[in-house]
Amino acid sequence: MKGRYRVVVSSRRLRYDFELKRNLTIVRGDSATGKTTLVEMIQEYISNPSGSYIVSDGSNKTGLEDITAYCPAGIPARQYTRFVPFMLTVPILLQSLQGAGLLWQALGSILLVLALVRLRYLRGR
Amino acid sequence: MLNIFYGDMADAVFNTASYFKYDYADEWITDPFIKEMILDVDSSTVLDSGVIDSPILGKIPPVQLSGGVKTLILVKFHTDRVFNASTCGDNCAKWLLKIAEKEDRTINLRHLMNFGKDSFQIRILNTNQIVYSMKELVPIAGEYV
């Protein structure tokens, strides 16, 4: 992922406006602070951009449509590792209270992939 | 007492929102204890078994309550199941302790929930130890999450 991604999503009652600066962003916080609502609004918009009341900022072409992987709470942390192949190219927004464990798991997976790539490279020489 | 199993637990209900969606009963929502809990955690007022007044979302059905409150409701009424309480934020911790004040409850946690500075009584099922503060809880639970 290069640069920053501005994410703007709004409905009649709500508006989210923030920037993703890293490949992996974890949304966490107290209950009833809007984490699930944010994820659902993004999901709603991506699945039906023209026919949904949810709107994203039309002037921002590198916004919502580019977040290709995200996940609501209630998914086991180990399943997040399926996002690892995307991490270098697209911003990923995850909702989780298991943030620390998840980050370590993701980091471990990246290191494993890099080690395997290096091993193949060395064998090739 | 509140019993907690930390880490992966095969039998635990992981997606509590989905479980709640297909399982909740109208009378749960109008229970006075639940009404107080919804007001405290979600800042929302129960108007009827099917309508809750949220200051942010307007009039919502019970399935649109926060993930934390939905899990708390399941923990309160389903004594026979173990639920993943890592869908609850720290603002749900005191309610977990309240629910388990008079009856035993078992939950599954995949993270270190903050149960606050006051003393409490929690049994960590992984080691079968009873702890009374976060200072005692963290070193034991931290091994499993």
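The model is predicted, so local features need pLDDT of at least 70 and side-chain atom pairs count only at pLDDT 80 or more, whereas totals for chains, interfaces and linings use all residues. Residues are numbered from 1 along each chain as its sequence is written, while chains are lettered from A and ligands numbered from 1 in the order in which they are written. Helices (H or I, at least four residues) and strands (E, at least two) are DSSP runs numbered from the N terminus.

**The helix pair**

- The axes of α3(B) and α4(B), being lines fitted to C-alpha atoms over the stretch in contact, come within 10 Å and cross at roughly 155°, with angles running from 0 to 180 degrees between N-to-C directions.
- That angle makes α3(B) roughly antiparallel to α4(B), a term for angles over 145 degrees, with under 35 counted as roughly parallel, 65 to 115 as roughly perpendicular and the rest as oblique.
- From α3(B), the residues B:I34, B:M37, B:I38, B:V41 and B:D42 meet B:G68, B:V69, B:L72, B:I73 and B:K76 of α4(B), a contact being a pair of C-beta atoms, placed from the backbone, within 7 Å.

**The sheet**

- An open sheet of 5 strands runs in the order β5-β6-β1-β7-β8 in chain B, with mixed pairing, where two strands pair if DSSP finds at least two bridges between them.
- Its edge strands are β5 (83-84) and β8 (129-131) of chain B, each of which pairs on one side only.
- α6(B) packs on the sheet by touching β1, β7 and β8 of chain B, and its direction makes about 140° with that of β8(B).
- β1(B) pairs with β6(B) in the parallel sense over 5 bridges, with B:N3 opposite B:T106 and B:Y6 having B:L109 as its bridge partner.
- β1(B) also pairs with β7(B), in the parallel sense over 3 bridges, and here B:L2 stands opposite B:I122.
- β5(B) and β6(B) are joined in the parallel sense over 2 bridges, and the bridge partner of B:F83 in β6(B) is B:I107.

- β1(B), by contrast, has a covered face of B:L2, B:I4 and B:Y6 and an uncovered one of B:N3 and B:F5.

Technical notes. Contact = placed C-beta atoms within 7 Å. Buried ≥ 20, exposed ≤ 12 C-beta atoms within 10 Å, placed from the backbone.
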